[in-house]
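Trainee: Could you take me through this structure, one question at a time? I'd like the cut-offs spelled out along the way.

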Amino acid sequence: MILLRLRPRTRNALAFCYDLIVTGGAWWLAFWLRYNLEDSGEFLPAYLYSVPWVVAIHAVLFWRMGLYRGLWRYASLPDLRRILMAVSTAGVATPAFFLFVAAPVPIPRSGFVMLPLLLLLAMGGSRIAYRAWKEHGLLAVMRAPDSVPAIVLGAGDAAVALLKELSTSPDWHIVALLDDDAAKHGGEIRGVKVAGELVLIAELAERFNVTQAIIAMPGESHEARRRAVDLCNAAGLKVMTVPSYAELVSGKLNVSQLRRVELDDLLGRDPVSLDEAGLRALIEGKRILVTGAGGSIGSELCRQIARFTPQSLVLFELSEFALYTIEAEFRDRRPEIPISAVIGDIKSHHRVSQIMDQFRPQLIFHAAAYKHVPLMEEGNALQAVQNNVLGTIILARAGQRAGVEKFILISTDKAVNPTNVMGATKRLAELACQAVQAEERAPAGTQFVIVRFGNVLGSTGSVIPRFHSQIARGGPITVTHPEIQRYFMSIPEAAQLVLQAALMGDAGQIFVLDMGKPVKIVDLARSLIRLSGLSENEIGITFTGLRPGEKLFEELLSDDEHTVRTPHPKLRIAKAPPTEDGRWLANVMGWITSCEGASDEEVRTRLRDWIPEYSAPHAARAK
């Protein structure tokens, strides 16, 4: 501990002096062993003559070969390799020196053989012993009686790294490892035994009085991790996990930064494979505009775009607080990215034109929209049309006039055979973008690309935050129907696939993201209850009935559409019927601009005229 408090130069000098003393001592021991542990009088003259030269040769080589760059506290294999190289080199240089220097007394040749071996043991052993004392001897004393005993599930590389990190922490004490690989059973990792399969978790928890489990399986499938969580929940244990494989590989986090298991860990999907070189070519050095930049998808798009160093990034947002939040994040975490925080409404011709003239974006990602189904269904139908359709048309045409290279519309699975105003307006926005594309006459003009996907976990409109708040209040969790199900993906995955679609997309194409299998909302609720360490007896689930415009099942493709494969496994292209033309678009614009004050029923009826597949539940009552 005293050695660690010293300045680096002083610490290195002391280590250097120690090694020279060890060298002199090892040379003496080599002589002593050569003379069968007898009295030193016989070899003392040879030792006294040779030791200054031996120490001097080793001193030069030790210093020049960088033995004093590492800290003893963190001695590891690279340090031992440097010691081996230095000792081996000195083992050759020392006899070579005495070969060319006529010594007045005979020096035993066996001493030259024994010296490197003795030095390797003494120098390497002392460093390893010091590290072991720091990590185990001292910390064993420092561990408080209230340190948390835990069982680690998984005995792979992540568990090895975790045990190494936690060995320096007085807060944790790992009592056992569990792994389904029978070849590992009975073995030890850093002094902790691999006690058996994961199913033994309840038995071991009772035996060692453990209340905490740590899942160290970042490379395993989500099914395997979900099973591990279920076993821990059944045993009544609190569950922590190491960061995900993607977080570990990216270098953002290390294994010791434990966190609670989140829903993403249980419903997660395989990592997204991105064309990094292609995306860099698409984004690097470009001026990019993101609308709805403070929302869940918009803000994550900004983060993902920043990875590829755009020339500038315009954050276009109506909400002052949301814009302030994302701007502050970029100022703090990505100060090297030139950003412009712009407040404005996409429905404002003047503001949109002003932004286009000022920033001249080359790419536009249009994520701004009203997305909440029940809110848009009752009392706000006209506002949904104006924002989702009129705002998209204004922005699309302004981008077209400004020479934008690509315009990417973020759409939704609710646009397929819509049963609600929100879905119908997003489908109308899709058709509007395709109609603007049909007006494009320049061969190198703006390309409009549409990306359609389902719900994202943790977004501002997601059920997950609501479920969390209901659990925090003691329940019950409210679910509309026991059979209702939705597609889900994580926000980062959705944003990454939007970028990939933007790279691959051609004029007027609709990309459909692979959303995997739909998930029942009631199953989500049960998973969240278990992750909170509670049971359904403590937090009930109440079914409230479907809300206006709500489907039991969402679709990603309508009946008259089919898809074609793309080179990316998680992206498909929807082949839709022929797109509308400029006359159709003018009629849509005329209706929206003339329907101020229209009732919800009137809006639904007119939406059905534009979107024949829209089944408005109240349209029949409209007069």
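## Loops, helices and rings

Trainee: Is Thr309 buried, exposed or partly exposed?

Mentor: The relative accessible area of Thr309 is 35%. Buried means under 20% relative accessible area, exposed means over 50%, and partly exposed is in between, with a 1.4 Å probe and protein chains only. Thr309 therefore counts as partly exposed.

Trainee: Before we go on, what kind of model is this?

Mentor: Residues are numbered from 1 along each chain as its sequence is written, and side-chain values use heavy atoms, with hydrogens and water left out. Local features need pLDDT of at least 70, side-chain atom pairs count only at pLDDT 80 or more, and totals for chains, interfaces and linings use all residues, since this is a predicted model.

Trainee: Back to Thr309: near what value is its phi, and where does Thr309 sit?

Mentor: Thr309 is found in the loop between α12 (296–306) and β9 (312–317). Helices (H or I, at least four residues) and strands (E, at least two) are DSSP runs numbered from the N terminus. Thr309 is a residue other than glycine, yet its phi is positive, near 45°.

Trainee: And Arg360, which loop holds that residue?

Mentor: Arg360 is not a glycine either, and its phi is positive at about 45°. With 36% relative accessibility, Arg360 counts as partly exposed. Its place is the loop between α14 (349–359) and β11 (363–366).

Trainee: Which residues does Met217 touch, leaving aside neighbours within four places in sequence?

Mentor: Met217 is in the loop between β5 (212–215) and α8 (222–234), and at 10% relative accessibility Met217 counts as buried. Its C-alpha is 9.5 Å from that of Val152, 65 residues away in sequence. Contact means heavy atoms within 4.5 Å. The partners of Met217 are Leu153, Gly154, Leu198, Ala224, Arg225, Ala228 and Val242.

Trainee: How are α11 and α19 oriented to each other?

Mentor: Helix α11 (residues 276–283) and helix α19 (residues 491–504) pack at about 75°, with axes 10 Å apart. Axes are lines fitted to C-alpha atoms, for helices over the stretch in contact, and angles run from 0 to 180 degrees between N-to-C directions. Under 35 degrees counts as roughly parallel, over 145 as roughly antiparallel, 65 to 115 as roughly perpendicular and the rest as oblique. The two helices α11 and α19 are therefore roughly perpendicular.

Trainee: Which residues of α19 make that contact?

Mentor: From α11 come Gly278, Leu279, Leu282 and Ile283. By class, the contact has six nonpolar, two polar and no charged residues (Ala, Val, Leu, Ile, Met, Phe, Trp, Tyr, Cys and Pro count as nonpolar, Asp, Glu, Lys and Arg as charged, and the others, Gly among them, as polar). From α19 come Leu499, Gln500, Ala502 and Leu503.

Trainee: What geometry does the pair of Trp584 and Trp610 have?

Mentor: Rings of Phe, Tyr and Trp (its six-membered ring) pair if their centres lie within 6.5 Å; planes under 30 degrees apart count as stacked, over 60 as edge-to-face and the rest as tilted. The whole structure has five aromatic pairs. In this one, the centres are 6.0 Å apart and the planes are at 90°, so the pair is edge-to-face.

Trainee: Which residues form one aromatic cluster?

Mentor: Trp591 and Trp610 also pair, tilted, at 6.3 Å centre to centre and 40° between the planes. Trp591 lies in helix α21 and Trp610 in helix α22, 19 residues apart, and both are buried. The cluster is Trp584, Trp591 and Trp610.

Trainee: How do the helices α21 and α22 run relative to each other?

Mentor: Their axes come within 12 Å and cross at roughly 180°. That makes α21 and α22 roughly antiparallel.

Trainee: Which residues does Ala432 touch, not counting those up to four places away in sequence?

Mentor: Ala432 is found in helix α17 (residues 421–439) and is buried, with a relative accessible area of 3%. Its contacts are Ile393, Trp584 and Leu585.
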